[in-house]
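Subject: Structure handover

Hello,

Here is the structure I said I would pass on. My notes on it follow below.

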Amino acid sequence: MMNTTGKVYLVGAGPGSIDYLTVRALQLLSQAEVLIYDALVDPQLLELVPSNCLKLDVGKRGGQSSTPQAEIDRLLVEYCQTGQQIVRLKSGDPFIFGRAAAEIEALVTAGCPFEVIPGISSALAAPTLAGIPLTDPVMSRCFAITTAHEPELVNWEGLASIGTLVFLMGGQQLSEIVKQLVRHGRSPHTPIAIVRWAGTAKQQVWTATLETVVAQTDGLNLSPAAIVVGEVVGWREYLQPQEKRQGGQGGQGRQGSYSSHQPLATSHSPHAPLSNKTILVTRSLGQSSQFCDRLVEMGATAIEMPALEIGAPSSWIELDNAIAQLSDFDWLVLTSTNGVDYFFERLLAKGKDMRALAGVKIAVVGQKTAQSLQQRYLQPDFIPPDFVADSLVENFPGALVGKRVLFPRVETGGREVLVKQFTAKGADVVEVAAYESRCPQSIAPEALEALQSHKVDIITFASSKTVRNFCQLIAPYNNINLDGVCIASIGPQTSKDCITHLGRVDIEAEEYTLDGLLQAILNWVEKSES
């Protein structure tokens with residue numbers, strides 16, 4: 001056993017919302033020095049760690065690029081051996097389809113101390129939150145939980161005889177689940193429920209029968225979901241609060257029976273500057289909710305609409321080659337927190353650390369990017385005064401002729417002006433894909449409902465891509481009308497895209513930060529109400 005004061009805590013985050021986090025998990029998050037977390041972890045939980053905590057996203061989502069398990073194991077061991085307190089945050093419970101055993105095996109082999117903190121699995125929470133009991137003295141005396149990720153490995157004959165079944169990771173395998181259960185003796189009239197995003201503000205529930213569910217949910221995105229099969233699903237109408245039963249918040253239609261879990265309403269003083277305002281915030285999936293929190297503090301109803309998904313690039317080859325030659329560069333330019341996160345995660349993945357940057361100066365755009373760098377105990381050598389990339393070259397310290405500049409950036413859709421300006425000044429710029437940003441597959445249900453019912457007063461955009469993706473997401477819906485809705489932009493480039501795609505911009509921040517955007521909204525509301 002090696003001598004180390006570090007320790008790894010494998011912590012269950014529960015089904016989603018911070019409301020279902022254990023007290024022990026909350027305590028450990030507040031003390032974490034390194035946080036290594038999964039894709040389905042609620043972004044609010046990421047705000048519970050200290051400001052200097054290093055946060056590493058190693059999430060795995062079906063059909064998308066993800067961090068290999070061997071790499072996750074290596075990161076846990078490496079950081080533990082530095083003597084730090086590591087929280088490995090897993091959605092649900094660490095031991096229920098959580099691959100915790102592989103990670104523990106790696107820790108044991110390396111002599112690293114660890115502790116497992118249980119969490120509430122979505123297999124248990126999702127049915128309960130949907131008003132479905134897993135057992136009943138008459139209808140079901142037992143239940144089984146399985147993953148449908150690899151249906152060819154499931155013992156369908158054995159499962160079909162059990163009263164209540166819960167399938168995780170089955171959203172894309174629904175038709176196969178139905179086919180196999182009916183084939184092995186379950187009645188086509190057996191009730192089934194699909195609970196998507198259980199325990200979050202995006203929770204949706206569909207109820208049907210094995211015979212009808214595939215047609216009722218055709219074309220819908222059902223992941224991430226817990227699928228419940230059995231007669232106990234029929235109890236749902238009787239075991240929910242009165243206001244959530246059919247005829248209340250729920251309803252009938254193509255989705256079957258539907259309901260949405262909403263956060264508790266917050267009362268505000270009528271004198272709060274944003275009281276009676278509903279603000280739709282377009283943002284990156286998994287991004288901090290601090291901006292929404294500030295809006296709520298000011299009295300607004302804030303609705304989040306993820307309009308960007310950030311993930312790994314299609315290939316690491318170019319970035320890996322640049323990392324192998326870091327000593328050949330004079331400057332490293334980082335223009336976003338995503339660039340910082342993915343560059344340094346890859347640096348560590350290639351077996352290097354901050355010492356590889358000795359002799360390389362770092363320039364960043366924006367205070368948020370600088371803060372992200374500082375969380376890694378690095379100070380930028382240069383931050384342009386206007387917080388925008390356009391002013392980086394104009395104010396750059398020293399001559400650029402003959403300087404070699406490494407620019408890790410988004411794989412597609414980024415602006416070319418920065419590279420052109422550096423090149424025009426004589427620099428040799430090496431662009432490498434460090435991450436990719438994509439448009440989500442669907443609109444968050446709460447955001448869609450607010451837009452369709454014309455409840456939104458203001459929509460905020462913090463990047464050009466969120467503007468373009470927002471327009472792509474709403475395009476299929478003819479009943480979304482933005483007349484009378486205030487369009488708020490974080491800066492000039494985003495405003496150009498607002499004008500191009502939405503026809504106008506009503507608010508533009510003077511300081512191109514989220515704080516500047518908030519102040520611009522407050523000024524606009526004050527002026528419009530005076």
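Helices and strands are named here as DSSP runs, numbered from the N terminus, with H or I runs of at least four residues as helices and E runs of at least two as strands. Please keep in mind that this is a predicted model.

Asp93

With those names, Asp93 sits in the loop that runs between strand E4 (85-90) and helix H3 (100-110). Is Asp93 buried or exposed? Its relative accessibility is 12%, and because buried means under 20%, Asp93 counts as buried.

Leaving aside residues up to four places away in sequence, Asp93 touches Gly12, Pro118, Gly119, Ile120 and Ser121. One of these, Ile120, is 27 residues from Asp93 in sequence, yet the two C-alpha atoms are 5.7 Å apart in space. With Gly119, the side chain of Asp93 reaches the backbone nitrogen at 3.0 Å.

Salt bridges

Side chains of opposite charge can pair when their charged atoms come close. Searching the whole structure gives 19 salt bridges. I describe some of them here.

Arg88 and Asp38 form a salt bridge through their side chains, at 2.9 Å from N to O. This pair links distant parts of the chain: Arg88 belongs to strand E4, while Asp38 is in the loop between strand E2 (34-37) and strand E3 (54-57), and the two are 50 residues apart. Both Arg88 and Asp38 are buried. They also belong to a network of salt bridges that links Asp38, Arg88, Lys90 and Glu103.

Arg74 makes a salt bridge with Glu78, and their closest N and O atoms are 2.4 Å apart. Why are Arg74 and Glu78 separated by about one helical turn? Because they are four residues apart in helix H2 (residues 69-80). Arg74 is partly exposed, with a relative accessible area of 26%, and Glu78 counts as partly exposed too, at 23% relative accessibility.

Arg468 forms a salt bridge with Asp497, with the closest N and O atoms 3.1 Å apart. Arg468 lies in helix H16 (residues 464-474) and Asp497 in helix H17 (residues 492-502), so this pair ties together parts that are 29 residues apart in sequence. Arg468 is partly exposed, with a relative accessible area of 29%, whereas Asp497 counts as buried at 9% relative accessibility.

Regards

Notes. Residues are numbered from 1 along each chain as its sequence is written. This is a predicted model: local features need pLDDT of at least 70, side-chain atom pairs count only at pLDDT 80 or more; totals for chains, interfaces and linings use all residues. Side-chain values use heavy atoms; hydrogens and water are left out. Buried means under 20% relative accessible area, exposed over 50%, partly exposed in between (1.4 Å probe, protein chains only). Contact means heavy atoms within 4.5 Å. A polar contact is a pair of N or O atoms within 3.5 Å; within protein, one must be able to donate a hydrogen and the other to accept it, and residues adjacent in sequence count only if both atoms are side-chain atoms. A salt bridge is a side-chain nitrogen of Lys or Arg within 4 Å of a carboxyl oxygen of Asp or Glu.
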